[in-house]
Number of protein chains: 2
Amino acid sequence: MTQFIGIEDLKRLVRTTGTKGFLKQLTDYIRADFGRWPEFEKSARVASHSAKGVIELMPTSDGTLYSFKYVNGHPGNPASGKLTVTGFGVLADVATGYPLLISEMTLLTALRTAATSAFAASLLARPESRTLALIGTGAQSEFQALAFQAIIGIEEIRVYDPDPLAVEKFMANAAGFGLRLIRAGSAREAVAGADIVTVATAVKGRAAVITADMLSPGTHINAIGGDCPGKTELHRDILERARVFVEFTPQTRVEGEIQQMEADYPVTELWEVLAGSRFGRTDADEITVFDSVGFAIEDFSALRLVHDLTRSGPKHMLDLVPDVADPKNLYGELVSEPHRVLPARTPEIA
Amino acid sequence: MTQFIGIEDLKRLVRTTGTKGFLKQLTDYIRADFGRWPEFEKSARVASHSAKGVIELMPTSDGTLYSFKYVNGHPGNPASGKLTVTGFGVLADVATGYPLLISEMTLLTALRTAATSAFAASLLARPESRTLALIGTGAQSEFQALAFQAIIGIEEIRVYDPDPLAVEKFMANAAGFGLRLIRAGSAREAVAGADIVTVATAVKGRAAVITADMLSPGTHINAIGGDCPGKTELHRDILERARVFVEFTPQTRVEGEIQQMEADYPVTELWEVLAGSRFGRTDADEITVFDSVGFAIEDFSALRLVHDLTRSGPKHMLDLVPDVADPKNLYGELVSEPHRVLPARTPEIA
């Protein structure tokens, strides 16, 4: 039997730890997995493009556990009340190849993206950072706010989004977070004097949501939204001036902000900073950029956490793989009388 | 909500049509999809190898539907009562990227492999073929027997397996199939005079389960078991003499029987025969080989059939993707009260 974690299961799980508690644990798992980076099998995602969007598979393995995420990106979905990005993932046992867990990953991807941002900032931002500019108050924004508050100690957030309804939504959701929230009239106003800048917009094409002249010395930029070929958010002048940090270089060169730069533009991978083999921030005035595109190991960490958190207690189980008496007698399984009743699902309303 | 088809669901579905009826429909779906081969996105599978086995993802798309299969291959699994090969698959809507269906594919892969064998034989075997030699009576054997009976009109099967228990199992399962079953004392005895030979053994390494001198003129060989690098079943002398047909050439050159041959060894893809652009069998004395390794489009066909067969009637549904009021308010979904009760699962015992 294979464990299933649906939307309601994940909501319940996050409620038991609190969102900040979950983000802290997830950041610890991501840090632990980035700390053993060379153990992982790494490859660029496998993409299937269409006129409407993209469907991707993102596999990885540490030799003991295997994971993959299915994720789509369809910019036109919101027009029909659907999410631009949804996903689900699977954790499997490398020794047998049997799947252990299927989990929703729409919510989990939002959580892991924010946790990865905070993890990167813990390596790269000035330790005394307390102010975050949040450009773009879409689906990722509240997760960013909570992760930076829980892991970095951010106290003040200045938000800007050209869509006033999106800002309203953010202000309403974040009202109880215990943060000082400031509504800025422009990206420039939000960014001015901020210690950390998160850019997570849905702009299409080559945009320049922020430019180098907006930034104070020592700013750390967390660039989330430039995450596919043809989509960037940072003006090239920032990349010319900053030191850039990435997850997995071959993927980021294609999908990240650095697709604007030459193929030999120098970058540092986050795990190298964690391992101490490459420098992170070298002085208080440096501009650092985390050019985030999302990598399979972060999904692996998220699935591993969910698996660990649900080891005890009631689970939803699926009869995804047959439990056979004789492995050579698969036909006997096909024509056998129904010999198993699925364990009752736990009540949806706990 | 995403439809779920578990082992018991698939058993029930196959019971309603009968296994032969299901294999016939599946062969029709495979033929239809091979008939529009150029419309599909095709790539070699994405494999993750370990000391114990392999885990693969096999995606494809026709521009309207996307599918992938997760499949493992772990030769040591039977020693611990597990299946060597298990799998599950997903069918998704290309326009939105949303998954439509998650299905078990352990049973479904066995069915589609047999249906593909019969489809290939319908193009390549002599039309008057009535006798099948079945070398290897493992998990695939009964499916082969039923597919060749239902689609090709096979009336007699001569079986051989070095494992007498596996032969007993086959004879017991196939007793009611309405076939003349003959237990052969050797592969040579089984093959002598057979119209079609299916080789589906679990031998490891470079084996030569059958050799050219065993074969009568006009034999069609259905080679199932050589399906990964380093594993072959046919002696090279057969390939030197026969005309070889494959699913997707780049994959078969690595995984199939023809890995024994030079990189420019001539092969014909099945879809080309179906399209009439390349010859299939050209005379009654020719030896033809279907070098089967399994391709993503066959899984696509199987998932498409299952989806079509279950359009009406009760379904198992999973809350795999959130149903949001405001696509920008994913956080609101995370912290919302449980607002959905999963539809009751249909009873496992109908």
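Tutor: A helix crossing is right-handed if the near helix is turned clockwise from the far one by less than a right angle, and left-handed if anticlockwise. Keep that in mind for this predicted model.

Student: What is the handedness of the crossing of α3(A) and α4(A)?

Tutor: Right-handed. By the rule, the near helix is therefore turned clockwise from the far one.

Student: Which residues make the contact between α3(A) and α4(A)?

Tutor: From α3(A), they include A:Ala110, A:Leu111, A:Ala114 and A:Ala118. From α4(A), they include A:Phe143, A:Ala147, A:Phe148 and A:Ile151. By class, the contact residues are 11 nonpolar, 4 polar and no charged.

Student: Where do α1(A) and α2(A) meet?

Tutor: A:Leu13, A:Val14 and A:Thr17 of α1(A) meet A:Thr19, A:Gly21, A:Phe22 and A:Gln25 of α2(A). That contact has 3 nonpolar, 4 polar and no charged residues.

Student: How many residues of chain A are in contact with chain B?

Tutor: There are 83 in chain A, in contact with 83 in chain B. Together the two chains bury about 7400 Å², with 67% of it on carbon and sulfur atoms. A:Lys328, A:Tyr331 and A:Leu334 supply 10% of the area that chain A buries against chain B, more than any other three residues.

Student: Why is the pairing of B:Asp163 with A:Lys328 called a salt bridge?

Tutor: The closest N and O atoms are 2.8 Å apart. The cut-off is 4 Å between a Lys or Arg side-chain nitrogen and an Asp or Glu carboxyl oxygen, so this pair qualifies. Between chain A and chain B the count is 2 salt bridges.

Student: Where is B:Pro229, and what does B:Pro229 touch?

Tutor: B:Pro229 is in the loop between β12 (220-223) and β13 (232-234) of chain B. Leaving out residues up to four places away in sequence, B:Pro229 touches B:Val254, B:Glu255 and B:Gln259.

Key:
Residues are numbered from 1 along each chain as its sequence is written. Chains are lettered from A and ligands numbered from 1 in the order in which they are written. This is a predicted model: local features need pLDDT of at least 70, side-chain atom pairs count only at pLDDT 80 or more; totals for chains, interfaces and linings use all residues. Side-chain values use heavy atoms; hydrogens and water are left out. Helices (H or I, at least four residues) and strands (E, at least two) are DSSP runs, numbered from the N terminus. Contact means heavy atoms within 4.5 Å. Ala, Val, Leu, Ile, Met, Phe, Trp, Tyr, Cys and Pro count as nonpolar, Asp, Glu, Lys and Arg as charged, and the others, Gly among them, as polar. Buried area is the accessible area (1.4 Å probe) that two parts lose on being put together, summed over both.
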